[in-house]
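Hi everyone, thanks for making time. I'd like to walk you through one structure today, so please have a look at it on the screen.

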Amino acid sequence: MPAKVPLQDVDAKYLKIISEFAIDMLSLSGVDEILWHLAQNVVSQLGFDDVVVYLLDPARGVLMQKASFGDKNPSGHEILAPIELKVGEGVVGTVAKTKQPLIVGDTRQFPNYIVDDAPRLSELAVPMLMDGELIGVIDTEHPKKNFYTSQHERILFALASIAALKIHRANNLVTLQKRVADLEYASKIQDTLFAIAEIIFETDSIRAFYQRLHACIARLVKADNFYVALLSEDGQTLHFPYHVDQYEQLAEDTELPLLPSCLGITAYTLLKNKPLLVDEAQIKALVAQGEITINGAMPRAWLGVPFGDEAFRGIVVVQSYHGDYRYSEADQQLLVFCAKHIRNAISRMNVKANLTQMALYDGLTKLPNRMLFIDRLNQAIAKLNEAAENGVSAKGLGLVLLDIDHFKAVNDTYGHHLGDELLRVFAQRTEAAIASQDTICRLGGDQFGLLLMGIESESECLSRVDALREQMQAVLDLGGISLALSVSLGLVTCFSSGMRASDLLRRGDQALLRAKLMGRQRLCVFSSGEQTELQETQICQEFQLAAAQEELYFSFQPQYRLKDGKLIGAEALLRWEHPSYGTISPRRLLAPLRRQGALQLVDAVVARLILAHLKRYHGTYPEDFRVSVNLASDGSALFDELEGMVTKGEDLAKFLGLEIPEASIVAGFDKVKHCIARAKSLGVLVSLDDAGASHASFGYLQTLRFDRLKIAQGLISPMKMAYDNQMILETIINLASSLNIDTLAQGIETREQYQTLLLFGCDYGQGEFMNPSVSEEKLLLMLTQSPFFR
């Protein structure tokens, strides 16, 4: 509140001035408007010859002259030779320091008197206070000695108090308006940057990318005139893949020679390799200095940001020809960020010739990948359907799914480099043994698919597969290490129309699962009808029995903070120790369990095991340690238990993480949203698992509140990450960072991958390079004895 002012002794004519000023304040808004009105229209009525109003700059500790009346005010809102005073300096500075009015009857007797425009004998200064805080000082001087009275002091102090209140409110309004504007601008920036990140995933052509990018930039920056230029490899020409200009029209992909003797502003900025933000006057100065030439229309404002490196360089430019528009430092910062994404997109288009190979073929083995394999399987089924429609007989097909048995043991014993070499040699040997019309592919990991064409009967198919098995299971010599392979196979045949690729793959997977459960190194043929249903029912029954007999347990994959190697959590991986078949991963059981409607059983087992683990050991874990689990269904079993524990005062959720696969969002968005809401309400950390696995749109990240993105292993697992993988990785990490979401990379197998992810700004990681999955006891030992990855 402003200071209290005693007005009982003030004359009526002065009270009128004060009341009228208070009324005037209702219609005034800006600080300058208030101060000039106070100096010229109010204080002047008091009969003072001279008045100056000062405002305090708290950051600098000085008082600045802001309004005046008298000799200091030659005309209008002009102050003649304005000065600044330090707090404590002169009469004004003394009042600012003491926060008390001061009358000086004879300035010659005041040792701290400072002459401004002319010496005077009397001076009166009063502080403008708001809640005890100084806002400014009103100062008036007079040539007569002892001119000012205590009544003058009270009047001026009253006016100062009214002005202080109004200035305080005006400043608050300005601050509020600025905060609102900043928030709106920040929101627009986030939306724009999010949209730019999305473009890389949503566009296939560079032209479409530039058009979408142009639209994004135009949301924040005046971009009626926008173009991108690229420097040729030999540095001799500029290539303009995109150019929109209201005066100068360039055909798409125009190339212009780069002449050092007469550089245009674009080439000049590109070669300097620094952003350039200039207006018309600055451009003319560069021209006058002989730095650049302007061949077309002269822009009023120009902003260019180079991007890339010595191997590949370009520039993005916006310019304006009309009005008083000027680009700002904020605009420049935005373009600097955008230039990084433009570089990524252009690099992606430059390797377009390799994208088909990379999209349809496995990078390690060079075999067709799952996408191409399914396409060829669909084509084979389509031929069967077409033959049936035309009444023509056609030969059938055979589908074989196969796994290399104990492949993980090869990796663990000899290292991933030898494991990769094994996969390459196995692929080469198998591909060389199949017929030209057949297809062998790598479906992922150590699993392969084989499509046999022109099959007359199931027995013929079995005969051909048996011949291939001899090649597959022969001893391999890998750099002096001899390995005898064991392969499990699942076979399904198709001789009639109406079958779908997904049905054949599902049946092949069931046959392969049976081969694994029966002890590996064997071929199982899919059996239709009741037998298959019985097998799946049996699997579910055995799983339920395993849960009851505690044959299920967790193996823990340690997770580390990349910047310092600290152990910050672990992923709990469910394992089944089958008394006859050995260790079985739930990955092979989820499909039959899903078809039998038994996924809730998996969740119940996970909930029981993880809560039992946390009850035993949560006291050992640091406050920020999280153990993450995957759920097969809606997680209700886990959430119900946690909610019940909360009512009992037990808080285990703060040590728990939940991983939701990216594919689950597409399959059931509302279900996932509800699951996340329950998890967040309990304080469970929620991660999006396999982010980037399908290169799907990340639009859901603005709706679903994930704490962490767990980047798909497929983007990281190759021995040397392909350039487009690095580009996608960097984009995902940047996108997550802009949304304040942590990132965790899974499947880190080499130091190179670790260092690349650290360079890209990835927060956390897990993988064989740091540590393979460990037992419960080993995890707890690591926490106390080796909590850092070295």
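Let me start with a term I'll need in a moment: helices, of type H or I with at least four residues, and strands, of type E with at least two, are DSSP runs numbered from the N terminus. And please keep in mind that this is a predicted model.

So, let's begin with a pocket. Which elements each supply at least two residues of the lining of the second largest pocket? They are β8 (237-244), β9 (254-257) and α6 (265-272). The space in this second largest pocket comes to about 550 Å³. Its lining counts 25 residues, and those closest to the centre are E248, G264, I265, T266 and N295.

Together β7 and β8 make a hairpin, with five residues between them.

Now, is strand β7 enclosed or open? Seven of the seven residues in β7 (residues 225-231) are buried, so the rest of the structure largely encloses this strand. In a regular strand, side chains alternate between the two faces of the sheet. For β7, both faces are covered: one side has N225, Y227, A229 and L231, the other has F226, V228 and L230, and all of these are buried.

Five strands make up an open sheet with mixed pairing, in the order β14-β15-β13-β18-β19. At the edges sit β14 (439-444) and β19 (523-525), each pairing on one side only. Neighbouring strands here are turned by 20° against each other on average, direction ignored.

Within this sheet, β13 (residues 396-404) and β18 (residues 487-494) run antiparallel and are joined by eight bridges. Helix α13 (residues 458-472) lies across β13, β15, β18 and β19, and runs at about 140° to β15.

Nonpolar side chains tend to be buried together in soluble globular proteins. Here, the largest nonpolar core has 83 residues, and the ones with the most contacts inside it are L552, F554, I610, Y621, L638, L701 and F706. Helix α17 (residues 599-617) gives the largest share, nine residues. Take L701: beyond its neighbours within four places in sequence, L701 is in contact with F194, L688, F706, L709, L735 and L739. There is also a second, separate core of 36 residues, including F21, W36, L46 and A170.

One last stop, T94, in helix α3 (residues 90-98). Is T94 buried, partly exposed or exposed? Buried means under 20% relative accessible area. T94 has 21% relative accessibility, so T94 counts as partly exposed. Setting aside neighbours within four places in sequence, T94 is in contact with G88, E89, L102, F110 and N112. T94 and P127 are 33 residues apart in sequence and 9.9 Å apart in space, C-alpha to C-alpha.

Conventions
Residues numbered from 1 in each chain as written. Predicted model: local features only at pLDDT ≥ 70, side-chain atom pairs only at ≥ 80, totals over all residues. Heavy atoms only, no water. Pairing = 2+ DSSP bridges. Axes fitted to C-alpha atoms, helices over the stretch in contact; angles between N-to-C directions. Contact = heavy atoms within 4.5 Å. Core = buried A, V, L, I, M, F, W, Y, C linked by side-chain atoms within 4.5 Å. Buried < 20%, exposed > 50% of the residue type's maximum accessible area, 1.4 Å probe, protein only. 1 Å grid on protein atoms, 1.4 Å probe; cavity = no way out; pocket = protein on both sides within 12 Å on 5 of 7 lines; lining within 4 Å. Points joined across faces, edges and corners; volume = space filled by probe spheres on them.
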